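Student: I would like to learn how to read pockets and helix packing in a model. Could we go through one case together?
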Amino acid sequence: MSEYRSIFESVQKNSRKLIHLEDAQIRAILSDLAELAEEKTPFLLSENQKDLDRMDSENPMYDRLLLTDTRIKGIANEIRQVADLESPLGIVLEKKSLENGLELTKISVPLGVIGIIYEARPNVTFDVFSLALKSGNGLVLKGGSDADFSNRAIMSLIHEVMGKHGFPKEAFQLLPPDRKATQALLEAVEMVDVIIPRGSQGLIDFVRQNAKVPVIETGAGIVHTYVDETADLEKAKAILFNAKTRRPSVCNSLDCMIVHQNQLPNLESLILPMLNHGVQVFADFQAMASLPSHPQIQAAEKEHFGTEFLSLKLAIKTVSNLDEALDHIVRYSSKHSEAILSESKENTARFLREVDAAAVYANASTAFTDGNQFGLGAEIGISTQKLHARGPMALRELTSYKWLIQGQGQVRS
């Protein structure tokens, strides 16, 4: 801890200065960062390639690590979107007068210093900086060794822009990618206000079990889509394909297709587009019996259910009714995103009401679970817990509140 204490104290000290930034100044900083990211695309891609060269391209994390011209342009546009959002600070959440004359106002304020522990996701460095700055929070980043060249390149651009505008770049720091830095961050009580892990279930579990600082869990998505007996087949085919194949390495991608037994005659046509796209299917006994022999289809084992694949793999579970589908979701869900495909108003209403998840869909792809798609701008993660924030965590979720009490000399008897 001692070798990192000065970093944490510097972030804490300088983050207090952020509250004095005007929103127009924050917009200018973020606008300049977006332009610089696009201008420095060759530099970012070169540093990213150093990371890619150290990773097997078959690794499910490879796609998350990869930066491209298109992705950098997308990141820059998300930074601009955050810049244009209304400030989440100083919002009056509640106001009232007491009988004794005290005037109470509840307003939104920054969380303080946020620690982010993440794996091979260099886009997170851009995303969380823009959100932290806009919400007045200091930031301690702890990226994984897989993305260290990329993260350091991005942080150098962030510091360049902050320095250009004469504001405290020391409020935003990137720790070395080693275990000692992780442990120090987890134990930075009174210097870091909250830690948000972004990555695998293993990373999230490790942070939750070892942190002395409060934790907001984000990430792991074990995602189900239930194909009800009343589902529209053409809608279902398109939704399933999109949810599984759009970006299989992200947390909102489909892991398990739950199918009503009356839909088994249609199962082959439902999964054919995915098979043609290279998806490997693990089907339970009933589903296997209804499918033709195919090199990409094999019998499901117990471990295939409740697994976040992060790749072109899909489990299939057969049920006889909605209750069985709900029971399966209760058993295996990570409470991230769940969906029903149904033309039954009754079944849809039950599913939306009873499923306990941060995002619950009817007749739409779970790929939409994303802060930008929800109109929130870039996100810091998808919270799968219930305290403080749930679902896409954007600007409002990076604030707390305080009470302002104004009196005229009142004392309590």
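Student: How much space lies in the second largest pocket?

Tutor: Keep in mind that this is a predicted model. The general idea comes first: rolling a probe the size of a water molecule over the atoms shows where empty space is left. Here, the second largest pocket holds about 400 Å³ of space.

Student: Which residues lie nearest the centre of the second largest pocket?

Tutor: They are E119, K142, G144, T182 and L203, out of 17 lining residues. By class, that lining has seven nonpolar, five polar and five charged residues.

Student: Which elements supply at least two residues each to the lining of the second largest pocket?

Tutor: Strand β3 (113–118) does, and so do α8 (179–186) and α9 (201–210). Of the contributors, α8 gives the most, with three residues.

Student: How much space lies in the largest pocket, and which residues are closest to its centre?

Tutor: The volume there is about 790 Å³. A total of 28 residues line the largest pocket, and E78, N123, R247, V250 and D370 are the closest to its centre. The lining divides into nine nonpolar, eight polar and eleven charged residues.

Student: Which helix gives the most to the lining of the largest pocket?

Tutor: That is α5, with four residues. Helices α4 (62–65), α5 (69–84) and α6 (123–134) each supply at least two residues of this lining.

Student: How many cavities of 30 Å³ or more are there?

Tutor: The count comes to one cavity of 30 Å³ or more. The volume of the largest cavity is about 30 Å³. Its lining consists of N242, A243, R246, R247, P248, V250, N252, S253 and A367. In terms of class, the lining of the largest cavity has four nonpolar, three polar and two charged residues. R247 and V250 line the largest cavity, and R247 and V250 are also among the residues closest to the centre of the largest pocket.

Student: Now to the helices. How is a packed pair described?

Tutor: Two packed helices are described by the angle between their axes and the distance between the axes. Take α5 and α6: their axes cross at roughly 10° and come within 10 Å. That makes α5 roughly parallel to α6.

Student: Which residues make the contact of α5 with α6?

Tutor: From α5 they are I75, E78, I79, V82 and A83, and from α6 they are N123, F126, D127, S130, L131 and K134. This contact has six nonpolar, two polar and three charged residues. Two of its members, E78 and N123, are also among the residues closest to the centre of the largest pocket.

Student: At what angle do α2 and α5 pack?

Tutor: The angle is about 175°, and the axes are 9 Å apart. The two helices are therefore roughly antiparallel to each other. On the α2 side the contact is made by R27, L30, L33, A34, E35, A37 and E38; on the α5 side, by I72, K73, A76, I79, R80, V82, A83 and D84. By class, it has nine nonpolar, no polar and six charged residues.

Student: How far apart are the axes of α2 and α7?

Tutor: The axes of helix α2 (residues 23–39) and helix α7 (residues 148–164) are 10 Å apart, with a packing angle of about 135°. That makes α2 oblique to α7. The crossing of α2 past α7 is right-handed.

Student: Which residues make the contact of α2 with α7?

Tutor: Helix α2 brings I29, D32, L33, L36 and A37, while α7 brings L157, I158, E160, V161, M162 and K164. These residues divide into eight nonpolar, no polar and three charged. L33 and A37 of α2 take part here, and L33 and A37 also take part in the contact with α5.

Technical notes:
Residues are numbered from 1 along each chain as its sequence is written. This is a predicted model: local features need pLDDT of at least 70, side-chain atom pairs count only at pLDDT 80 or more; totals for chains, interfaces and linings use all residues. Side-chain values use heavy atoms; hydrogens and water are left out. Axes are lines fitted to C-alpha atoms, for helices over the stretch in contact, and angles run from 0 to 180 degrees between N-to-C directions. Angles under 35 degrees count as roughly parallel, over 145 as roughly antiparallel, 65 to 115 as roughly perpendicular and the rest as oblique. A crossing is left-handed if the near helix is turned anticlockwise from the far one by less than a right angle, and right-handed if clockwise. Contact means heavy atoms within 4.5 Å. Ala, Val, Leu, Ile, Met, Phe, Trp, Tyr, Cys and Pro count as nonpolar, Asp, Glu, Lys and Arg as charged, and the others, Gly among them, as polar. On a 1 Å grid over the protein atoms alone, a cavity is a set of points where a 1.4 Å probe fits but cannot get out, and a pocket is an open set with protein on both sides within 12 Å along at least five of seven lines; lining residues have an atom within 4 Å of a point. Grid points are joined across faces, edges and corners, and a volume is the space filled by probe spheres set on the points.
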